[in-house]
Protein chains: 2
Amino acid sequence: MEGPSFKEQQFKVRENLIVDAANQLLADKGFDLMTMDDVAAAVGVSKGILYKHFPSKESLAAAAMVRVLRGALGAIEALPPEMSAVEKLKAALRWTLESRLAGGLPLLPSGSASLQTSLMTSMEYVGAIFRMNGVVTGLVEQAVRAGDLRGDIPAEVMVHSIYSRTCDPALDFLRRGGRYADADLVAHLVSIAFDGLTARS
Amino acid sequence: MEGPSFKEQQFKVRENLIVDAANQLLADKGFDLMTMDDVAAAVGVSKGILYKHFPSKESLAAAAMVRVLRGALGAIEALPPEMSAVEKLKAALRWTLESRLAGGLPLLPSGSASLQTSLMTSMEYVGAIFRMNGVVTGLVEQAVRAGDLRGDIPAEVMVHSIYSRTCDPALDFLRRGGRYADADLVAHLVSIAFDGLTARS
DNA sequence: GTCTATATGTGGATAGAC
DNA sequence: GTCTATCCACATATAGAC
């Protein structure tokens, strides 16, 4: 009837710290440039420890991606039910952009073949991706039926356009310039994504 | 009164082939994953030769980027003068997306610090970037004055949003799915970039 | 379990023969 | 100028002491 032992709890806590550090480094440098030494140094442990938790760099990155995906899903599901589908989509995009500005959002998988295969063979990752895709696609279709999103473009194309806005490089670039407040930047990018660049008649 | 010798011409021709191959590989795998062995194998020469032409991997990538930037500038300047500014911007975006589909457009610089510094210390690269930025910014401002682009968003933000659309990951992803003709895909993405996802009233 | 030290592979860059 | 062979640094992953 006992819970997990103290050591097991410590192990879990440390694993979380490792994923935290990986998350940060992935957001900062991307998968290719992040090294296991970086992660170890950030956590303050030896490199060998990392391999007691994760069998490879790829699986560590996968764990970080899974945690982010679950967080994003939770953020979407926590939105008030009375909110319209299109407003939920805008809120979701806003959430991811704010998370990126806060510094904790890993970038999209690099072209690394080993990472790709590792992700695609991870049940947790493909499951999270699958669920996320279902939720977003559902929202888009709902918004189209409500007449809030365009009906002349396939839903799948709109879904992937929204995904790509979450990692819009313009965000980092404009933030570096330092000429805009973070909140304004997010508002601008969300507005451009949904309302476009063209002046409304 | 003689032109360049035969060997000098050969040298230039080979250099072009090298940049071609680098271009292709950069578009395919990105800077981090492209190796000098890849380039050498693609050209069909030994690796050492590459260093007779370019002192480093970074400078080779910079040369590829410069050529692309000049090509893009040329494409913009070749547009008919009677075309409106906003139509020119759309045409430019269309041109880059089509170039990417054709397989020959290097992706944006990876986070690699050495590449960044190498690019920023290359007079040719910063010059090309500077000119490109001037042309695009000028077109955006012109389109705003004409009432074709939104006036409630800073021009700089719109400029960088257009840049980021040229490397929209949705293009590769949707093409992989194979459900859409290339031309439709380009048209959809250009339309989403300028007209947005929201239904027009 | 945690560390130090090391094995192993890879990729950028160079040396030397021709 | 072009090749082959090599150096060197670095990163993943592992072995072994404690």
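**Exercise 1. Relating the two chains**

Task: Determine which rotation and which shift superpose chain B on chain A, and how the two copies are related.

Solution: In this predicted model, chain B is superposed on chain A by a rotation of 180° with 0.1 Å of shift along its axis, and the RMSD is 0.1 Å. The two copies are therefore related as by a two-fold rotation axis. As a next step, one can look for the residue of chain B that comes closest to this axis, and that is B:Gly196, whose C-alpha lies at 1.8 Å. Finally, the same surface serves both copies, since 100% of the contact residues of chain B recur in chain A.

**Exercise 2. The interface between the chains**

Task: State how many residues of each chain are in contact, how much area is buried between them, and which three residues of chain B supply more of its buried area than any other three.

Solution: Begin with the residues in contact, which are 39 in chain B and 39 in chain A. The size of an interface is often given as the accessible area lost when the parts come together. Between chain B and chain A this buried area is about 3800 Å², and carbon and sulfur atoms give 59% of it.

**Exercise 3. The make-up of chain A**

Task: Describe the secondary structure of chain A and the span of its C-alpha trace.

Solution: Counting the elements gives 10 helices and zero strands for chain A, and read from the N terminus on they run α-α-α-α-α-α-α-α-α-α. Along its principal axes, the C-alpha trace of chain A spans about 60 × 45 × 30 Å.

**Exercise 4. Two helices within chain A**

Task: Work out how helix 5 and helix 7 of chain A pack, and which residues make the contact.

Solution: Two packed helices are described by the angle between their axes and the distance between the axes. For helix 5 (residues 85–102) and helix 7 (residues 123–145) of chain A, the angle is about 135° and the axes are 8 Å apart. That makes helix 5 of chain A oblique to helix 7 of chain A, and the crossing of the two is left-handed. On the side of helix 5 of chain A, the contact is made by A:Ala85, A:Val86, A:Lys88 and A:Leu89, while helix 7 of chain A brings A:Val136, A:Leu139, A:Val140, A:Gln142 and A:Ala143. Sorted by class, the residues of this contact between helix 5 and helix 7 of chain A are seven nonpolar, one polar and one charged.

**Exercise 5. A helix pair across the interface**

Task: Find how helix 8 of chain A and helix 10 of chain B cross, and how the residues of their contact divide by class.

Solution: The axes of helix 8 (residues 155–166) of chain A and helix 10 (residues 182–195) of chain B come within 11 Å and cross at roughly 55°. Helix 8 of chain A and helix 10 of chain B are therefore oblique to each other, and their crossing is right-handed. The contact joins A:Val157, A:Met158, A:Ser161 and A:Arg165 of helix 8 of chain A with B:His188, B:Leu189 and B:Ile192 of helix 10 of chain B. These residues of helix 8 of chain A and helix 10 of chain B divide into four nonpolar, two polar and one charged.

Terms used:
Residues are numbered from 1 along each chain as its sequence is written. Chains are lettered from A and ligands numbered from 1 in the order in which they are written. This is a predicted model: local features need pLDDT of at least 70, side-chain atom pairs count only at pLDDT 80 or more; totals for chains, interfaces and linings use all residues. Side-chain values use heavy atoms; hydrogens and water are left out. Axes are lines fitted to C-alpha atoms, for helices over the stretch in contact, and angles run from 0 to 180 degrees between N-to-C directions. Helices (H or I, at least four residues) and strands (E, at least two) are DSSP runs, numbered from the N terminus. Angles under 35 degrees count as roughly parallel, over 145 as roughly antiparallel, 65 to 115 as roughly perpendicular and the rest as oblique. A crossing is left-handed if the near helix is turned anticlockwise from the far one by less than a right angle, and right-handed if clockwise. Contact means heavy atoms within 4.5 Å. Ala, Val, Leu, Ile, Met, Phe, Trp, Tyr, Cys and Pro count as nonpolar, Asp, Glu, Lys and Arg as charged, and the others, Gly among them, as polar. Copies are superposed by least squares on the C-alpha atoms of residues with pLDDT of at least 70 in both. Buried area is the accessible area (1.4 Å probe) that two parts lose on being put together, summed over both.
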